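These are my notebook entries on a single protein model. I set down what I looked up, entry by entry.

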Amino acid sequence: SSDLWQPFIFRASAGYTARSASTSDPLTDGQAEVVLQTLPISAGILLRQDGELMPSWAGLTLVEAIHFIQSEIDGQLIGGQTQLSPPGFHIQGGSGWRLRRGEFQAQVGYLFVYGNEGPISWRGPAGGVVGTLGYKVLY
């Protein structure tokens with residue numbers, strides 16, 4: 001029966017994060033910096049409770065991320081690389097406030113995405129706490 005799937009919604013999304021790390025290079029005594037830009041793309045199923053004025057949802061989505069990595073020493077580009085991350089996931093929950101023709105939404109979650117090893121790479125976590133605010137038009 002279709003009622004079995006009624007409390008679930010399919011969610012697909014894309015995002016953007018950027019971070020960097022720097023340290024002193026022991027060989028050149030210069031400032032070494034690695035810049036990581038991440039484009040996470042996710043899809044999954046969330047459990048949604050439709051309230052009269054305040055709906056809420058929570059769930060888990062699977063994530064694949066594209067990383068753009070660049071390395072510099074003293075502002076001089078050393079190299080760059082594009083990588084795919086190992087598969088990750090995003091735990092999220094949120095609530096909305098119904099207005100006349102739409103819904104104001106707030107959501108918080110944690111993005112579990114990691115970098116890969118390579119000649120120029122970001123090893124370790126590339127995700128973290130994610131918060132979003134938005135407005136959904138209801139028709």
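**Entry 1: order of elements.** The model, which is a predicted one, holds eight strands and zero helices.

**Entry 2: overall extent.** I next looked up the radius of gyration, which is 20 Å. The globule rule gives 14 Å for 139 residues, and the value for this protein is well over that, so I record the protein as more spread out than a compact globule. Along the principal axes, the C-alpha atoms fill a box of roughly 65 × 30 × 20 Å.

**Entry 3: burial, surface and contacts.** I noted that 30% of the 139 residues count as buried. The accessible surface is about 9,100 Å², and carbon and sulfur atoms account for 61% of that surface. I also looked up the contacts between residues at least 6 apart in sequence: 58% of these join residues at least 24 apart.

**Entry 4: the largest pocket.** I then turned to empty space. Rolling a probe the size of a water molecule over the atoms shows where such space is left. The largest pocket has a volume of about 350 Å³. Its lining consists of 22 residues, and those closest to the centre are Ser13, His90, Gln107, Val130 and Thr132.

Which strands each supply at least two residues of this lining? I found E1 (8–14), E3 (31–49), E4 (56–73), E6 (88–98), E7 (102–112) and E8 (128–137). Strand E8 gives the most, with five residues. By class, I recorded eleven nonpolar, ten polar and one charged residues in the lining of the largest pocket.

**Entry 5: the second largest pocket.** The second largest pocket holds about 210 Å³ of space. Its lining includes Ala21, Ser22 and Thr23, as well as Ala32, Glu33 and Val34. Ser71 also belongs to this lining, as do Pro119, Ile120, Ser121, Trp122 and Arg123. The elements that give two or more residues to it are strand E2 (17–24) and E3. I recorded the classes of this lining as six nonpolar, four polar and two charged.

**Entry 6: two positive phi angles.** I looked up two residues that have a positive phi although they are not glycines. Asp29 has a phi of about 65 degrees, and its place is the loop between E2 and E3. Is Asp29 buried or exposed? Its relative accessible area is 67%; exposed means over 50%, so Asp29 is exposed.

Asp74 has a phi of about 50 degrees. I located Asp74 in the loop between E4 and strand E5 (76–84). Its relative accessible area is 54%, and Asp74 therefore counts as exposed.

**Entry 7: His67.** I finally examined His67, which is found in strand E4. Why does His67 count as buried? Its relative accessible area is 1%, and the cut-off for buried is under 20%, so His67 is buried.

I then listed its contacts, leaving aside neighbours within four places in sequence. Among them are Leu36, Gln37 and Thr38. Further contacts of His67 include Gln81, Thr82, Gln83 and Ser85. The list also includes Val113, Tyr114, Gly115 and Ala126. As a last item, I looked up the separation of His67 and Thr17: the two residues are 50 residues apart in sequence and 9.7 Å apart in space, C-alpha to C-alpha.

Definitions and conventions
Residues numbered from 1 in each chain as written. Predicted model: local features only at pLDDT ≥ 70, side-chain atom pairs only at ≥ 80, totals over all residues. Heavy atoms only, no water. 1 Å grid on protein atoms, 1.4 Å probe; cavity = no way out; pocket = protein on both sides within 12 Å on 5 of 7 lines; lining within 4 Å. Points joined across faces, edges and corners; volume = space filled by probe spheres on them. Helix = DSSP H or I, 4+ residues; strand = E, 2+ residues; numbered from the N terminus. Nonpolar A, V, L, I, M, F, W, Y, C, P; charged D, E, K, R; others polar. Buried < 20%, exposed > 50% of the residue type's maximum accessible area, 1.4 Å probe, protein only. Rg over C-alpha atoms; globule rule 2.2 N^0.38 Å. Contact = heavy atoms within 4.5 Å. Areas by Shrake-Rupley, 256 points an atom, 1.4 Å probe, with all protein chains shown as cover.
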